[in-house]
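Open the model in a viewer and keep the selection tool at hand.

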Amino acid sequence: MNFGDLGTVEPVSRDFGYDRGTPVDRVYIEAFLRRHSADIAGRVLEVGDDSYTRRFGAGQVQHCDILHVREGNPSATIVGDLSSTQLLPEAAFDCMIITQVLHLIYDMAAAVNEIHRGLKPGGVALVTVPAISQIARDEWGENWFWAVAPAGARRLFADVFGQERVHVEAFGNVFAATAFLQGVSAEEVDHRKLEAHDANYPVTVAVRAQKAT
Ligand SMILES: C[S@@+](CC[C@H](N)C(=O)[O-])C[C@H]1O[C@@H](n2cnc3c(N)ncnc32)[C@H](O)[C@@H]1O
């Protein structure tokens with residue numbers, strides 16, 4: 001892909017590249033979930049829809065609840081703000097898939113507490129957050145509060161789950177970050193160039209956190 005004139009103030013796409021193909025960050029999010037697909041089993045909670053649960057937990061999932069922050073999503077089985085206490089049933093879930101959600105919640109620490117409370121002992125949260133990213137101007141834009149660095153993600157989860165039960169990974173490099181900021185899609189770039197990970201340029205930060213048994 002030729003990025004064209006990087007001297008212009010207009011990006012290639014203001015829609016993360018959805019209008020051109022798959023956004024670069026989805027490559028990282030999906031590879032992370034694929035690698036941890038053994039965790040996606042039993043009773044699962046996913047946010048917005050159950051597409052990742054179906055895709056990566058096929059044959060392992062007994063029940064999937066779908067969380068949405070407000071009324072109007074017909075597939076939602078739980079409606080409310082994840083940072084409000086006691087939104088979720090206590091110790092109910094074997095796995096939670098919380099992709100690209102926490103940065104939309106002002107009180108992220110309260111949300112992490114609620115995730116922990118809702119997991120069964122031994123249950124696993126698979127979480128991703130944006131680091132280097134454009135900011136959506138869609139329905140979520142008004143509540144896009146944060147970008148999360150790896151150290152921030154580690155601290156947020158370690159404070160609640162305990163250091164030894166939290167594993168944080170960062171994905172991206174300067175090429176991937178430039179493509180993603182411009183909204184160039186994954187199909188338009190050499191995939192091998194997305195695989196090099198440079199700690200100076202995290203595009204996506206992923207957390208696997210396991211509740212103590
Ligand atoms: C950009 S989508 C991300 C989820 C989607 N599964 C994904 O991987 O892209 C935004 C989702 O965040 C959820 N969300 C936003 N603010 C929230 C809050 N305070 N509590 C719970 N969920 C929230 C919305 O319900 C919505 O489904």
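Select the ligand first: 16 residues surround it, and the closest are Gly-48, Val-69, Leu-82, Thr-99 and Leu-104. A residue is near a molecule if its C-beta atom, placed from the backbone, lies within 6 Å of it. This shell divides into eight nonpolar, six polar and two charged residues. Ala, Val, Leu, Ile, Met, Phe, Trp, Tyr, Cys and Pro count as nonpolar, Asp, Glu, Lys and Arg as charged, and the others, Gly among them, as polar.

The model is predicted: local features need pLDDT of at least 70, side-chain atom pairs count only at pLDDT 80 or more, and totals for chains, interfaces and linings use all residues. Residues are numbered from 1 along each chain as its sequence is written.

Next, select helix H3 (residues 108-118) and helix H4 (residues 150-161), which pack at an angle of about 45 degrees with axes 10 Å apart. Axes are lines fitted to C-alpha atoms, for helices over the stretch in contact, and angles run from 0 to 180 degrees between N-to-C directions. Helices are DSSP runs (H or I, at least four residues), as are strands (E, at least two), numbered from the N terminus.

Show side chains at the contact: H3 supplies Met-108, Ala-109, Val-112, Asn-113 and His-116, and H4 supplies Leu-156, Phe-157, Val-160 and Phe-161. Contact here requires C-beta atoms, placed from the backbone, within 7 Å. Seven of these residues are nonpolar, two polar and none charged.

Finally, zoom out to the whole protein, with six helices and seven strands.

Key. Two residues are in contact if their C-beta atoms, placed from the backbone, lie within 7 Å.
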